[in-house]
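Please examine the model shown here before working through the solutions.

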Amino acid sequence: MTKEIIIAGFGGQGVLSMGKILAYSGLMEGKEVSWMPAYGPEQRGGTANVTVIISDERISSPILSKYDAAIILNQPSLEKFESKVKPGGILIYDGYGIINPPTRQDIRVYRIDAMDAANEMNNSKAFNMIVLGGLLKIEPMVSLENVIKGLKKTLPERHHHLIPMNEEAIRRGMELIQPV
């Protein structure tokens, strides 16, 4: 099993931390992982993306040109990465950030209204965990138990009280994701 994933959006949407939690979750399961972020100097408001590879075997290179799954959180990222999803792969997008939805017919496309759900939860910071929940519903590459362990590793201890809210957000994302 090898899963090659790109997560892309604006800085401040939790793109990099979502990738880091996914990578740590893979480590908790004894898998090989790669986490490679890319972002502009502006960070918040600029584009950001992260490539995550989770594999049962050694990873030869963290640099990819095609992906098994893409999580797309804004229009510029959709325009850049839609064509880079492997045929038969998965593209998940948040309805809030996309004006012109994906058009490819050779991939599985899912929509998740994570921004709306985060607003309903009165917690905009839950946005990325809702999206992660959607991914894990479609591609259960790591267990929810190990995602929680990954959260404990990535969140500073002073924020560990937020872990139950993050778990709730992941579960909400699993309920919300819909095929297009």
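Two strands are taken as paired if DSSP finds at least two bridges between them. The model is a predicted one.

**Exercise 1.** Determine the order of the strands in the sheet, and state which strands stand at the edges.

*Solution.* Step 1: the open sheet comprises seven strands in the order E2-E3-E1-E4-E5-E6-E7, and their pairing is mixed. Step 2: strand E2 (32-39) and strand E7 (178-179) each have a single partner strand, so one side of each lacks a neighbour in the sheet and these two strands form the edges.

**Exercise 2.** Describe how strand E1 is joined to strand E4, and identify helices that pack on the sheet.

*Solution.* Step 1: E1 (residues 2-10) and E4 (residues 67-72) run parallel and are joined by four bridges. Step 2: within this pair, Ile6 lies opposite Ala70 in E4. Step 3: helix H1 (residues 15-28) packs on the sheet and touches E1, E2, strand E3 (47-55) and E4, with its direction at about 10° to that of E3. Step 4: helix H4 (residues 127-138) also packs on the sheet, touching E4, strand E5 (85-94) and strand E6 (108-112); the direction of H4 makes about 145° with that of E6.

**Exercise 3.** Characterise the packing of H4 with helix H6.

*Solution.* Step 1: the angle between H4 and H6 (residues 163-176) is about 50°, and their axes are 6 Å apart. Step 2: H4 is therefore oblique to H6. Step 3: the crossing is right-handed. Step 4: residues of H4 including Met129, Ile130 and Leu136 meet residues of H6, among them Ala169, Ile170 and Met174. Step 5: by class, this contact has seven nonpolar, four polar and one charged residues.

How values were computed: Residues are numbered from 1 along each chain as its sequence is written. This is a predicted model: local features need pLDDT of at least 70, side-chain atom pairs count only at pLDDT 80 or more; totals for chains, interfaces and linings use all residues. Side-chain values use heavy atoms; hydrogens and water are left out. Contact means heavy atoms within 4.5 Å. Axes are lines fitted to C-alpha atoms, for helices over the stretch in contact, and angles run from 0 to 180 degrees between N-to-C directions. Angles under 35 degrees count as roughly parallel, over 145 as roughly antiparallel, 65 to 115 as roughly perpendicular and the rest as oblique. A crossing is left-handed if the near helix is turned anticlockwise from the far one by less than a right angle, and right-handed if clockwise. Ala, Val, Leu, Ile, Met, Phe, Trp, Tyr, Cys and Pro count as nonpolar, Asp, Glu, Lys and Arg as charged, and the others, Gly among them, as polar.
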